[in-house]
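Welcome! Please take a look at the sequence and the model first.

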Amino acid sequence: MNATPNTVVIAGIGQTPVAESWDVTLRELALQAMEAAMTDAAGLRPTALYVGNMLAGSLSRQNHLGALLADFAGLTGIEAATIEAAGASGGMALRVGTLAVASGMVDAAMVLGVEKLSDQIVDQVEAALAGGTDADYEAEQGLTLTAQAAMLAQRYQHEFNPPEHALAGFPLTAHANGAHNPNAMFQRAVKPESYARAGMVAAPLNMFDVAPNADGAAALLLTRPELLPPKFPHPLVEVAGSSAVSDTLALHDRPDPLVFNAARLSVERACAQAAIQADDVDLFELFDAFSIYSALSLEAAGFAARGEGWQWAQNGAIALDGKLPIATLGGLKARGFAGGAAGVYQAVEAALQLRGQAGEAQVKDARMALVQALGGPASTAVTHVLKRLEVEG
């Protein structure tokens, strides 16, 4: 294999369907994903567990997830900790696991994202999610993440005057792709006319512009290739680049609220580490919690100029056979937004693409993927470059 001594690879992946899982506890969801990842990795067991989670303390009344889930999985005695970075928690857990394995201090790291949102009523969930904003100056005033995204969309319309329904292509593409994902919450394509007549959630964002909250768990098992047997049962995916960047927590503290600066920097740094340009990737799993985030993320990553990200939603440019496929298995919009687990789901789906195991959603000849998770409106941005590790000879 073309690997250096500190190469980190994804040896195993696992995920649960994203849904309202009333009859399954948080620990049971986590165990399903962890066991699937260990099985996929030919029985490899982790020596460390990093849990990406945002809301278990407030919604499930459960903190100390590292110890709880290591114990429940029969892994007592290993290093275990919870990583929290709002919606980027799963992406940050992957960052921590990558650094641990690359350092040589950890031989095999389980990166788990898990969230249980359906145990509380909608108002409680929205209030908990708003905890990722500035508590004194945003959440205290009643601001929710959806309202914040709607204000960004209004500002975007005011400054750039895009055509009506300019963002529609983002959720329409996500739903078309989610139809091929058996783990997606929504597995049906949406017609443009359905989007056009959908009810408003927070103007100008309608119900199709906002990802649904749901429960789920996804897991990655990281190691170094030299620690695996020569004849491994599936292709390996390398974590070729990794970067985490923070910005102001409060949106009003930024010179320009429509510039996701942390997202830009994290893409630049992850790509530099991987010795590539962003244009070299075959797909982009961006953080489409809201349609406006898709446009701003494409601009931040350098794929579009300021004010022109919406143009990628036109004419199939982001479809599976387009110039830059995004949300290839449904994204947050169709798969569902499982809170702090979202970033791990993104990486699992990108790994499936690079292995060539994405079924009817497969991007042809996919060899390299850009994956980005955001906490709030890019108050935290975590970006990874994943690459199929080719076998020599």
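**Overall picture**

Among the contacts in the protein with a separation of 6 or more, 78% are between residues 24 or more positions apart; contact here means heavy atoms within 4.5 Å. This is a predicted model, in which local features need pLDDT of at least 70, side-chain atom pairs count only at pLDDT 80 or more, and totals for chains, interfaces and linings use all residues. Residues are numbered from 1 along each chain as its sequence is written, and side-chain values use heavy atoms, with hydrogens and water left out.

- The protein has twelve helices and eleven strands; both are DSSP runs numbered from the N terminus, with helices (H or I) of at least four residues and strands (E) of at least two.
- The radius of gyration is 19 Å, which agrees with the value near 21 Å that a compact globule of 393 residues would have. That radius is taken over C-alpha atoms, and the globule rule is 2.2 Å times the number of residues to the power 0.38.
- Along the principal axes, the C-alpha atoms fill a box of roughly 55 × 50 × 40 Å.

**Surface and charge**

- Of the 393 residues, 61% are buried. Buried means under 20% relative accessible area, exposed means over 50%, and partly exposed lies in between (1.4 Å probe, protein chains only).
- The accessible surface is about 15,300 Å², and carbon and sulfur atoms hold 50% of that. Such areas come from the Shrake-Rupley method with a 1.4 Å probe, and for residues only the protein chains shown count as cover.
- There are 23 positive and 41 negative side chains, and the centres of the two sets are 5 Å apart. Lys and Arg count as positive, Asp and Glu as negative, while His and the chain ends are not counted. Each charge is placed at NZ of Lys, CZ of Arg, CG of Asp or CD of Glu.

- The buried residues of H4 include Met92, Leu94, Thr98 and Val101.
- After H4 comes glycine 104, with a positive phi near 90 degrees.
- Alanine 86 sits in the loop between strand E3 (79-83) and H4. Its relative accessible area is 8%, so alanine 86 is buried.

- Nine of the ten residues of helix H7 (residues 169-178) are buried. Among them are Phe170, Leu172, His175 and Asn177.
- The cover over the buried residues of H7 includes helix H8 (192-196), helix H10 (291-300) and helix H11 (331-335).
- Phenylalanine 186 belongs to the loop between H7 and H8, and its 35% relative accessibility makes this residue partly exposed. Its contacts beyond four places in sequence include His175 and Gly178, as well as Lys333 and Ala334.
- Leucine 329 is in the loop between H10 and H11 and counts as buried, at 4% relative accessibility. Beyond four places in sequence, leucine 329 touches residues including Asn177, Gly178, Arg335 and Leu352.

- Tyrosine 293 is part of helix H10, and its relative accessible area of 2% makes it buried. Among its contacts beyond four places in sequence are Gln148, Leu152, Phe260 and Pro377.
- Glutamate 238 lies in strand E8 (residues 236-246) and is buried too, with a relative accessible area of 12%. Leaving aside residues up to four places away in sequence, glutamate 238 touches Thr7, Val8, Val9, Val385, Leu386, Lys387 and Leu389.

**Backbone details to look for**

- Most residues other than glycine have a negative phi, and most peptide bonds are trans.
- Alanine 86 has a positive phi, near 55 degrees.
- Histidine 64 has a positive phi as well, near 60 degrees. You can find histidine 64 in the loop between helix H2 (56-60) and helix H3 (65-72), where this residue is exposed, with a relative accessible area of 63%.
- The peptide bond from alanine 203 to proline 204 is cis, with omega near 5 degrees. Proline 204 lies in the loop between strand E5 (200-202) and strand E6 (205-206).
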